[in-house]
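Subject: The structure we talked about

Hi,

Here is the structure I promised to send over.

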Amino acid sequence: MTEFEVVIGIEVHAQLKTKTKLFSTAANNFGDDVNTNVTPVCLGMPGALPVLNKKAVEFAITAGLALDCEINLTSVFSRKNYFYPDLPKGYQISQFDLPICGLGHLDIDVDGVTKRIGITRIHMEEDAGKLLHQGADGIAGSTHSLVDLNRAGTPLIEIVSEPDMRSASEAKAYMVALREIVQHMGVCDGNMDQGSMRADANVSIRPVGQKEFGTRAEVKNLNSFRSLERAINVEVKRQKALILSGGTVIQETRNYDDATQSTTSLRGKADAHDYRYFPEPDLPPLIVTQDWFKTIKEALPEHPVAKRERYASELGLSQFEIKVLMGDIETDTYFNAAILVNTEIAPKEICKWVVGDINALLKETESSFSKTKLSSAHLAEMVDLILKGTISGKMAKDMIGKMAETGDAPAKLVDSMGGAQISDEGALLEAVKAVLDANLDVIEKIKNGKKQAAGFLMGQVMKATKGKAKPDLVSKLIFEEVKKR
Amino acid sequence: MSVKELSSKLKNRELKAVDLAMATFSKIEATESDLHSFISLRKEAALLQADSIDAKLDKGEELSPLAGIPITIKDNMNLRGEKTTCASKMLENFVSPFTSTAVQNLMDAGMVVVGKANMDEFAMGSSTENSAFGPSKNPWDLTRVPGGSSGGSASAIAAGQVPVSLGSDTGGSIRQPAAFCGISGFKPSYGRVSRYGLVAFASSLDQIGPFGRSVEDIAYVTEGLCSHDVHDATSVPAPAPQLVSALTKDVRGLRIAIPKELFSDEIDDGVKGPVYAALDVLKAKGAIVEEVSMQALVASIATYYIVAPAEASANLARFDGVRYTSRIKDAANLTEMFTKTRGQFFGKEVKRRIILGTYALSSGYYDAYYIKAQKARTLIKQSFDRVFANFDVVISPTTPSAAFKFGEHANSPDKMYIADLCTIPANMAGLPALSVPCGFDNGMPVGLQIIGKSFDEATVLRVGDAYQAFTDFHLAKPEAYA
Amino acid sequence: MSIDKKDLEHVLKLAHLDIPDSEKEEFLPQLQRTFSFMKAMDSLPLEGVEPSAYANNQAQFLREDTPENQADLYMEKNAPDWDQGCFSVPQILSGGES
Ligand SMILES: [Mg+2]
Ligand SMILES: [Zn+2]
């Protein structure tokens with residue numbers, strides 16, 4: 001039987017985190033009331049003109065630099081012409097011949113081995129609006145559709161990869177790595193369920209050993225890592241079955257439906273588009289001056305690869321901790337905010353809580369690092385209290401739940417939780433002496449080498465102090481006192 | 001009366017802005033049924049505007065020389081709260097939510113906008129015969145066209161309905177009607193006047209500019225129009241040029257190039273005669289005139305009728321029945337709504353140009369037409385660069401003929417395209433270009449075109465103003481409206 | 001090379017224009033005559049010439065990333081069919097996107 005090799009290239013549309021749209025001053029905001037974030041430009045009003053957002057250019061270049069792309073200091077916008085109700089001008093302003101970024105690459109981890117995936121180009125373009133289909137769940141069977149133009153004109157970068165991936169899991173690894181890049185470079189929130197990162201996969205197969213690529217199908221609508229992986233596997237299966245039964249794959253666009261886990265043809269060859277691209281006359285060439293380029297390079301956020309290394313070598317974080325931080329931008333942002341609150345505290349002490357108890361609590365309560373009332377400043381204060389001995393680790397664990405619930409500062413909670421830990425030697429010595437006086441037999445045991453018997457004495461001291469005694473101090477005092485007797 | 005005279009009378013309170021506006025409306029009301037220069041008037045708003053100017057002048061506030069002067073704007077420029085129809089059934093009921101920067105600049109200077117002028121639909125045409133609301137008439141002969149596409153803006157000046165007006169010029173749409181109506185019309189350099197709020201025809205060619213009786217009037221209005229606008233990425237980041245002070249009436253040593261390609265057989269002798277006579281006047285006053293060859297100009301019309309329709313085919317895609325246009329009733333589905341709305345509410349010339357442009361951009365023809373035209377455009381620009389290395393201005397007839405009769409080109413729109421022969425090159429190269437009246441051909445006015453270096457509006461207007469100081473063709477008025 | 005009936009039909013589809021047959025008959029010879037102008041370009045030395053898409057050789061102006069408030073945009077007033085704060089369009093699938 002013929003063995004097939006899978007060939008995958010991915011196009012990712014990432015929405016840029018600008019305050020305004022690509023060509024208009026409307027707010028770039030997800031989830032607002034329909035048709036509120038619009039200007040005459042977003043509505044394609046007669047007489048309205050596009051004016052490019054400088055920040056979007058900086059973000060596109062930042063992403064390009066992070067992916068080791070060549071940056072084209074002169075690039076050009078074009079009009080891509082087609083009719084659709086979510087496209088107000090009847091054309092999308094995009095980059096065609098001369099995009100802002102050329103060849104680059106991204107290294108991914110495939111089962112512990114690094115593999116380099118080529119980036120073909122990155123170009124800037126505007127997003128379309130949204131259609132709300134009425135009378136049915138989707139476009140099929142709907143009686144009419146409503147047009148909301150809030151998303152129209154949202155700045156996008158389209159990152160096009162080379163056909164370098166050979167399996168669905170490689171494709172997923174690429175997507176994960178790409179998301180890490182755009183998130184940590186601060187250009188896109190990477191929020192796939194809100195559509196701020198969307199993937200299309202070009203999938204083809206060829207008999208192993210064959211040099212030429214097979215005919216590819218473009219699979220659209222891949223809005224999670226899982227659907228990306230599944231859709232590719234489903235499409236590969238379809239193509240294999242088709243070829244083995246004597247059929248041929250046609251070049252087309254296919255839609256992936258996660259509910260049925262199948263891909264269906266969106267449009268046949270017959271009505272292939274003729275987009276009639278031509279240079280956008282409203283926008284002269286985009287020239288990035290050397291000075292501006294230098295400023296962008298100097299302000300470049302830390303690359304995730306460098307960040308991982310720094311976390312390990314400078315902050316001494318474990319590989320597990322690094323994985324948790326890097327896997328979610330909110331967690332990492334929170335951690336970095338917390339370590340800045342009090343630079344006396346070793347970041348590792350903070351990290352322990354972030355990736356451990358707080359992370360677990362937020363998962364349990366379906367909250368997140370950006371939503372929780374437990375601020376990074378309060379976390380830093382709490383760790384400080386632990387290190388100063390004011391509270392015990394055990395108290396801190398209880399405190400986290402309360403802080404997340406109420407948003408109260410740790411200092412305030414210390415009192416309501418029964419006061420601070422007793423770490424005053426004098427006060428504790430009284431309690432230790434009293435316990436020793438009442439347990440002379442235990443002292444004997446210890447003197448005879450049964451050191452673990454001290455645990456009992458410790459328990460008694462804790463009981464006497466209602467659990468507030470600082471444990472290591474109590475332990476020290478017990479042994480000192482036993483020696484004296 | 002000139003802008004300067006009106007301005008001084010308004011300033012010393014001999015004349016009230018409200019009375020001037022009232023008189024303007026009376027003149028319009030008396031003549032409009034013959035001429036049809038306007039698509040809409042805004043009397044109430046204009047009088048309110050005039051009244052507020054009077055209040056300021058009464059208080060002795062220092063205002064722009066344009067304050068209180070009535071103006072009409074072409075109906076492809078947005079003015080918030082007013083209809084912008086572009087003389088199209090497609091936008092018959094469209095009320096604009098924003099004001100174009102050029103118009104706003106003039107209103108900020110205190111100009112009183114009295115109405116919106118008739119035009120060829122979406123500025124496509126050379127006669128206003130393509131207006132969905134009926135043509136405007138040439139005040140010199142009501143059986144003849146006023147030119148186009150800014151025909152209403154031109155006929156309004158020639159008939160004395162308003163002192164000054166705005167048009168837009170993509171391939172000659174200001175200069176050609178100015179020539180046909182015996183008035184002055186000016187297209188500034190591309191990028192000088194913001195296009196924000198001007199409904200686009202061909203974005204890389206469109207420029208807003210003024211009409212007036214004299215070049216001096218035009219200098220005043222142009223100064224008010226120009227500004228760097230952050231809403232137009234092609235607007236040049238430069239302050240408005242000083243133009244009125246540049247009118248020195250001196251042409252001594254001025255180097256004038258006359259390209260033989262713009263004096264070809266396609267130009268009527270009745271037009272060439274007055275133009276050569278005008279060149280003699282300028283020579284007599286000390287200018288140096290030399291014939292040059294600009295071979296690339298032979299492809300001007302070809303280039304234009306690819307570039308402009310190509311851009312237009314995209315610019316007019318937004319008129320789709322979804323957001324603010326007319327829409328056919330009871331469409332069975334989306335595609336039918338799109339195609340029938342566009343088929344029904346666009347006029348024939350607009351549809352022809354959309355077809356032309358779509359074809360020129362379509363796969364398989366892009367290189368043969370669009371790219372070739374872009375290359376020809378490069379050669380046209382380079383030919384101007386070469387000429388301007390040695391000359392200050394290029395002078396030619398504005399149009400190949402004087403105003404033609406209504407219906408003369410009804411079945412052959414392509415014949416009408418020849419009317420843009422001399423005006424297109426300045427749009428292709430983004431240059432400032434002026435048309436001034438320089439005589440008559442069988443009783444109909446003839447225009448002289450002065451093209452200048454990029455952003456050298458001052459020289460162009462200086463030459464035109466000097467010519468008007470030496471001659472009085474610009475003072476001639478059609479008898480019926482004298 | 002000039003536009004023929006088949007090209008015209010194709011272009012009308014691309015441009016989303018539905019026009020009566022009488023207009024097609026009228027337009028075709030007019031368009032063909034217009035395309036005959038285009039021969040003028042062949043007399044020029046176009047080889048190796050860079051195409052110009054713009055009137056001026058200028059760099060693009062860029063704006064700052066600052067939101068601006070909007071006055072009433074007359075969306076409802078101008079919309080042919082306005083429903084629930086949106087522009088309403090007829091059913092999409094029966095004719096298909098083309
Ligand atoms: Mg794509
Ligand atoms: Zn895209």
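First, some housekeeping. This is a predicted model, in which local features need pLDDT of at least 70 and side-chain atom pairs count only at pLDDT 80 or more, while totals for chains, interfaces and linings use all residues. Residues are numbered from 1 along each chain as its sequence is written, chains are lettered from A and ligands numbered from 1 in the order in which they are written, and side-chain values use heavy atoms, with hydrogens and water left out.

**Salt bridges**

Over all chains, the structure holds 59 salt bridges (a side-chain nitrogen of Lys or Arg within 4 Å of a carboxyl oxygen of Asp or Glu). One of them pairs Arg166(A) with Glu5(A), with the closest N and O atoms 3.3 Å apart. Arg166(A) sits in the loop between strand S10 (155-161) and helix H2 (168-184) of chain A, and Glu5(A) is in strand S1 (residues 4-15) of chain A, so this pair ties together parts that are 161 residues apart in sequence. (Helices, H or I with at least four residues, and strands, E with at least two, are DSSP runs numbered from the N terminus.) Arg166(A) is partly exposed at a relative accessible area of 25%, and Glu5(A) is partly exposed at 24%. For those labels, buried means under 20% relative accessible area, exposed means over 50%, and partly exposed is in between, using a 1.4 Å probe and protein chains only.

Another salt bridge joins Arg226(A) and Asp258(A), where the closest N and O atoms are 3.9 Å apart. This pair also links distant parts of the chain: Arg226(A) is in helix H3 (residues 225-244) of chain A, and Asp258(A), 32 residues apart from it, is in the loop between strand S13 (252-257) and strand S14 (262-267) of chain A. Asp258(A) is partly exposed, with a relative accessible area of 29%.

Then there is a pair inside one helix. Glu235(A) forms a salt bridge with Arg238(A), and their closest N and O atoms are 2.8 Å apart. The two are three residues apart in helix H3 of chain A, so about one helical turn separates them. Elsewhere, salt bridges that share partners join Arg79(A), Glu280(A), Asp282(A), Arg195(B) and Asp232(B) into one network.

**Helix packing in chain A**

Helix H14 (residues 454-464) of chain A packs against helix H15 (residues 471-484) of chain A at an angle of about 125°, and their axes are 10 Å apart. (Axes are lines fitted to C-alpha atoms, for helices over the stretch in contact, and angles run from 0 to 180 degrees between N-to-C directions.) H14(A) and H15(A) are therefore oblique to each other; the scheme takes under 35 degrees as roughly parallel, over 145 as roughly antiparallel, 65 to 115 as roughly perpendicular and the rest as oblique. On the H14(A) side, the contact (heavy atoms within 4.5 Å) is made by Ala454(A), Leu457(A), Met458(A), Val461(A) and Met462(A), and on the H15(A) side by Pro471(A), Val474(A), Ser475(A), Ile478(A) and Phe479(A). These residues divide into nine nonpolar, one polar and no charged (Ala, Val, Leu, Ile, Met, Phe, Trp, Tyr, Cys and Pro count as nonpolar, Asp, Glu, Lys and Arg as charged, and the others, Gly among them, as polar).

Helix H6 (residues 319-327) and helix H7 (residues 329-341) of chain A pack at about 110°, with axes 5 Å apart. That makes H6(A) roughly perpendicular to H7(A).

**Chains B and C**

Thr378(B), in helix H12 (residues 366-388) of chain B, is buried at 7% relative accessibility. Leaving aside neighbours within four places in sequence, Thr378(B) is in contact with Val49(C), Glu50(C), Pro51(C) and Ser52(C).

The peptide bond from Gly148(B) to Ser149(B) is cis, with omega near 5°. Ser149(B) lies in the loop between strand S3 (112-117) and helix H5 (151-158) of chain B. Phe122(B), also in the loop between S3 and H5 of chain B, has a positive phi near 50° without being a glycine, and is buried at 3% relative accessibility.

His16(C) is not a glycine either, yet has a positive phi of about 55°. His16(C) is in the loop between helix H1 (5-14) and helix H2 (21-37) of chain C and counts as buried, at 3% relative accessibility.

Cheers
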